[in-house]
Amino acid sequence: MAQADYDIIIVGGGMVGASFAYALKNSAHKIALIEAFDFKTTQQPSYDDRGIALSHGSQRILDTMGLWQQLAPHSTAISDIHISDRGHFGATRLSAQQENVPALGQVILARAMGKVLNQAMSENTTLDILCPNKVIALNHQSNQVELTLDDDRKITSKLIVAADGANSTIRRLLDLSVTEQDYQQTAITANISTERPHHNRAFERFTEHGPIALLPMPDNRCSLIWTVKTGDETAINDLDDTAFLARLQTEFGYRLGQFTQVGKRGHYPLKLTQTDQPIQNRIVFVGNAAHNLHPIAGQGFNLGLRDVIALADVLVDETEDCGIPKHLHDYQQWQQRDQDNVIKATNLLVRLFSNNNPVLGHGRSAGLIALDLIPPAKHWLAKKSMGLGKKQPRLARGIAL
């Protein structure tokens with residue numbers, strides 16, 4: 001058997017795949033990244049105008065990786081989080097000052113993050129970027145995996161890292177099953193301007209159809225994620241700007257005064273998609289390719305970033321075959337509990353806060369009041385939202401998590 005062309009091939013150049021490539025920038029591995037969109041001429045679809053909520057733990061990981069200095073000028077700190085339930089009394093308020101941290105998290109446009117990641121990858125002379133290219137076939141061999149690209153090239157690698165999103169091509173080629181839960185909800189996204197300054201506050205407002213999240217951004221704008229019942233998104237998006245803002249105002253309220261302007265709107269369906277077997281022979285799935293989450297807790301990219309830092313930690317010092325079962329087992333042992341806990345917590349929040357059951361409504365109200373009045377409970381919630389409290393891989397250590 002001939003020597004493999006690469007030690008690691010990353011399929012997918014979105015935020016998770018690019019972050020993994022950067023995490024291994026100082027390793028001795030020969031690495032390639034395959035991306036369907038040409039970085040030089042086409043905007044990668046995940047790098048749009050959505051606001052990405054980075055937890056405090058993710059910010060620290062990015063800082064340790066050496067990326068935060070470039071990302072910081074494009075970010076907006078979250079100093080406080082206000083959590084409420086429409087139609088019920090009670091709210092919970094989380095504060096960076098009370099938690100003795102500079103910020104509970106950061107908000108950055110996906111577009112800005114993509115620009116930084118693309119620049120970082122272009123400066124890595126040890127990384128081969130194959131784009132625009134798609135994988136069209138996959139063949140397991142005895143000690144490597146062969147990929148066929150859409151230009152008929154065949155390349156081999158000791159390990160394939162599938163970071164190619166919720167509709168993973170690698171998963172389809174392997175004919176792997178997924179656990180899927182359709183929440184019958186759709187997220188409407190846009191950037192919103194408000195009458196009152198947000199003062200770096202983030203808001204999560206639960207409604208009978210799902211949460212409305214407003215995340216602080218520069219120039220007194222907010223990044224909106226508005227969860228609606230699937231089927232309602234078309235009528236809402238067809239409204240003109242004035243009617244759209246009036247409808248949103250009715251759902252959210254006036255904590256930021258009047259909504260004054262809305263930018264380009266988008267929408268996407270909300271489903272849990274979890275790959276049943278994320279570890280295969282010389283293949284590992286990370287990020288949305290492994291677990292695509294509801295945005296209710298803002299944990300999607302944060303969990304994906306923890307995936308890649310844990311996998312990089314296992315592989316960074318490997319000098320021979322990085323695709324052997326032991327390494328993938330070590331990664332799974334480290335990260336599976338984190339993934340399972342986040343998925344279970346996200347599902348629980350969707351069930352509790354996306355309905356108009358009056359009994360649950362009163363219970364939610366009482367729970368929000370209790371959280372606000374009991375400091376240890378509030379501190380626990382703040383730590384979870386900041387992505388703190390779990391043992392970190394070696395590459396993310398030294399950051400006092």
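How many nonpolar, polar and charged residues does the lining of the largest cavity have? By class, that lining has six nonpolar, four polar and no charged residues. This is a predicted model, so local features need pLDDT of at least 70 and side-chain atom pairs count only at pLDDT 80 or more, while totals for chains, interfaces and linings use all residues. Residues are numbered from 1 along each chain as its sequence is written, and side-chain values use heavy atoms, with hydrogens and water left out.

**Cavities**

- The count comes to three cavities of 30 Å³ or more.
- A cavity here is a set of points, on a 1 Å grid over the protein atoms alone, where a 1.4 Å probe fits but cannot get out.
- Volume is the space filled by probe spheres set on the points, with grid points joined across faces, edges and corners.
- The largest cavity holds about 60 Å³ of space.

**Lining of the largest cavity**

- Lining residues have an atom within 4 Å of a point.
- The lining consists of Pro278, Ile279, Val284, Phe285, Ala290, Tyr331, Gln332, Gln335, Gln336 and Gln339.
- Ala, Val, Leu, Ile, Met, Phe, Trp, Tyr, Cys and Pro count as nonpolar; Asp, Glu, Lys and Arg count as charged; the others, Gly among them, are polar.
- Strand S19 (283-285) and helix H10 (325-353) each supply at least two lining residues.
- H10 gives the largest share, five residues.
- Helices (H or I, at least four residues) and strands (E, at least two) are DSSP runs, numbered from the N terminus.

**Salt bridges**

- There are seven salt bridges, each a side-chain nitrogen of Lys or Arg within 4 Å of a carboxyl oxygen of Asp or Glu.
- Aspartate 151 pairs with arginine 153, with the closest N and O atoms 2.9 Å apart.
- Aspartate 151 is partly exposed at 38% relative accessibility, and arginine 153 is partly exposed at 36%.
- Buried means under 20% relative accessible area, exposed over 50%, and partly exposed in between (1.4 Å probe, protein chains only).
- Aspartate 241 bridges to arginine 265, with the closest N and O atoms 2.8 Å apart.
- This pair links distant parts of the chain, 24 residues apart: aspartate 241 sits in helix H8 (residues 241-252), and arginine 265 in the loop between strand S16 (259-262) and strand S17 (266-275).
- Aspartate 241 is partly exposed, at 39%.
- Arginine 306 bridges to aspartate 338, with the closest N and O atoms 2.7 Å apart.
- Arginine 306 lies in helix H9 (residues 300-315) and aspartate 338 in helix H10, so the pair ties together parts 32 residues apart in sequence.
- Both arginine 306 and aspartate 338 are buried.

Definitions and conventions. On a 1 Å grid over the protein atoms alone, a cavity is a set of points where a 1.4 Å probe fits but cannot get out, and a pocket is an open set with protein on both sides within 12 Å along at least five of seven lines; lining residues have an atom within 4 Å of a point.
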